[in-house]
Amino acid sequence: MNDLVLKNGRVVDPSQGLDRVADIAFAGGKVAAIGDGLSGVDTRDVTGKIVSPGLIDLHTHVYWGGTSLGVEAELLARTGGVTTFIDAGSAGPGNFHGFRKHVIEPSPVRILPYLNISFPGIFAFSKTVMVGENDDMRLIDAREAVRIAREHKDLVLGIKVRVGKSASGDSGIMPMEIALDVAEECGLPLMAHLDMPPPSRHDVVSRLRPGDILTHCFRPFPNAPVRADGKVRDEIIAARARGVIFDIGHGGGSFGFGTTRAMLAAGFLPDVISSDVHVISIEGPAFDLLTTMSKFLCLGVDLPTVLKLATVNAADAIKRPDLGTLKIGSVGEATVIDQVSGKFDYADSIGEHMVGDRRLLSAGVVLAGKWWHPI
């Protein structure tokens, strides 16, 4: 007997090219069947709703209580429908143990972290105090980063570095150079944040390797990936050709409608949609992953593609093919989504507003093959 059956929903699973009304059953913590007329101990009618693989947010900050920018993953999982949170370097070698013990291990939802190259991680990030963790090179210890990454190799996805005027100040590109050395030594990918210059977009992008991630990839000018004439910059095209992964990482200051429209018009989709939700951006303009996905929907990207960029593509980026899919036998996680029509005000990171006609809202979350929220 199945533990749970979601009946009559629009099952959209880009990993299988699936988009049809069907029942989906879960048993033993895994996806058991997709079909018609399925029955289970717990049966829920989701007629008119979308059933997606559990959403993966590739860029979040969920070291709540241990860093000033952290938000609660469990709360966001309930309101935003996310079942896997990728923490983008909140913790560094000096406080990673606490992140693991006090937040990651007790969490009812999956948290997979990148290790920040800076010893204290992102330690001073708020509305009133903002100090880049890479502004002082004394805070970077490559050997200690390697030691912690190896000690926690069962958990650490890669190395995170933030460079730019805000994050690295007078240190410029040097924190990235060290982060690349650490990543190479550990056999891990790098996730790179770039804000205002210096360094330049070209300096950062040209250093990225296949499988590395450029987050904030549709940021507004300066350091935007597209020229004023609408043409994608050569180094961006070259980076994609060699296998660099382009991640949205909306956040509070890293997503522009103008950049996004130009990139989409040029046929350059991001590889992954993520929110970069933290203590500031959770209050807007990012809010959560579904809000960021809704913006792309309203900019003309079709629903299956939007879901692809927050499920199977995100899973591919972290080399976790067991996630982001509803294939039979896969992890029993799903997000139930309401697509509502109306007039919705969306904002980007530099104050431009857009009125959209659709919005995606969380209507339910399945974890470990059981209905988790709302009860």
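The following questions and answers concern a predicted model.

Residues are numbered from 1 along each chain as its sequence is written, and side-chain values use heavy atoms, with hydrogens and water left out. Because the model is predicted, local features need pLDDT of at least 70 and side-chain atom pairs count only at pLDDT 80 or more, whereas totals for chains, interfaces and linings use all residues.

Q: How many salt bridges does a search of the whole structure find?
A: A salt bridge is a side-chain nitrogen of Lys or Arg within 4 Å of a carboxyl oxygen of Asp or Glu. Searched over the whole structure, the number of such salt bridges is 23.

Q: Which strands hold K7 and D23?
A: The side chains of K7 and D23 form a salt bridge, at 2.7 Å from N to O. The pair ties together parts that are 16 residues apart in sequence, because K7 lies in strand β1 (residues 2-13) and D23 in strand β2 (residues 18-27). Strands (E, at least two residues) and helices (H or I, at least four) are DSSP runs numbered from the N terminus. The strands are therefore β1 for K7 and β2 for D23.

Q: Is D23 buried or exposed?
A: Buried means under 20% relative accessible area, exposed over 50%, and partly exposed in between, with a 1.4 Å probe and protein chains only. The relative accessible area of D23 is 3%, so D23 is buried.

Q: How many residues apart are D154 and R100?
A: A salt bridge joins the side chains of D154 and R100, at 2.6 Å from N to O. D154 is in the loop between α3 (142-151) and β11 (159-163), while R100 is in helix α2 (residues 96-104), and the pair links distant parts of the chain, 54 residues apart.

Q: What is the relative accessibility of D229?
A: D229 meets R227 in a salt bridge between side chains, at 2.6 Å from N to O. R227 is partly exposed, with a relative accessible area of 34%. D229 also counts as partly exposed, and its relative accessibility is 48%.

Q: How many disulfides are there?
A: A disulfide is a pair of cysteine sulfur atoms within 2.5 Å. For C217, the nearest cysteine sulfur is that of C298, 19 Å away, and C217 is in no disulfide. C217 counts as buried at 3% relative accessibility, and C298 counts as buried at 18%. The count of disulfides is zero.

Q: Within what arc do the buried residues of α1 fall?
A: In helix α1 (residues 73-80), the buried residues are A73, L76, A77 and G80. They line one face of the helix, because seen down the axis of α1 they fall within an arc, taken from the directions from the helix axis to the C-beta atoms, of 105°.

Q: Against which elements do the buried residues of α1 pack, and which residue follows α1?
A: The packing partners are β6 (55-60), β7 (82-88), β8, α8 (289-298), β16 (353-367) and β17 (370-373). The residue that follows α1 has a positive phi, near 75°, and is G81.

Q: Which residues does L58 touch?
A: L58 is found in strand β6, and with a relative accessible area of 0% it is buried. Contact means heavy atoms within 4.5 Å. Not counting residues up to four places away in sequence, L58 touches I86, M191, I213, D247, V272, S274, A314, A317 and I318.

Q: How far apart in space are L115 and V146?
A: L115 lies in strand β8 and is buried, with a relative accessible area of 0%. Leaving aside neighbours within four places in sequence, the contacts of L115 include A145, I148 and A149. L115 and V146 are 31 residues apart in sequence, and their C-alpha to C-alpha separation in space is 9.8 Å.

Q: Where is F123 found?
A: At 36% relative accessibility, F123 counts as partly exposed. F123, V129 and V131 form a nonpolar surface patch, with about 220 Å² of accessible area together. F123 is found in the loop between β8 (110-116) and β9 (124-125).

Methods
Patch = residues over 30% accessible without salt bridge, like charges linked within 9 Å, V, L, I, M, F, W, Y side chains within 5 Å. Areas by Shrake-Rupley, 256 points an atom, 1.4 Å probe, with all protein chains shown as cover.
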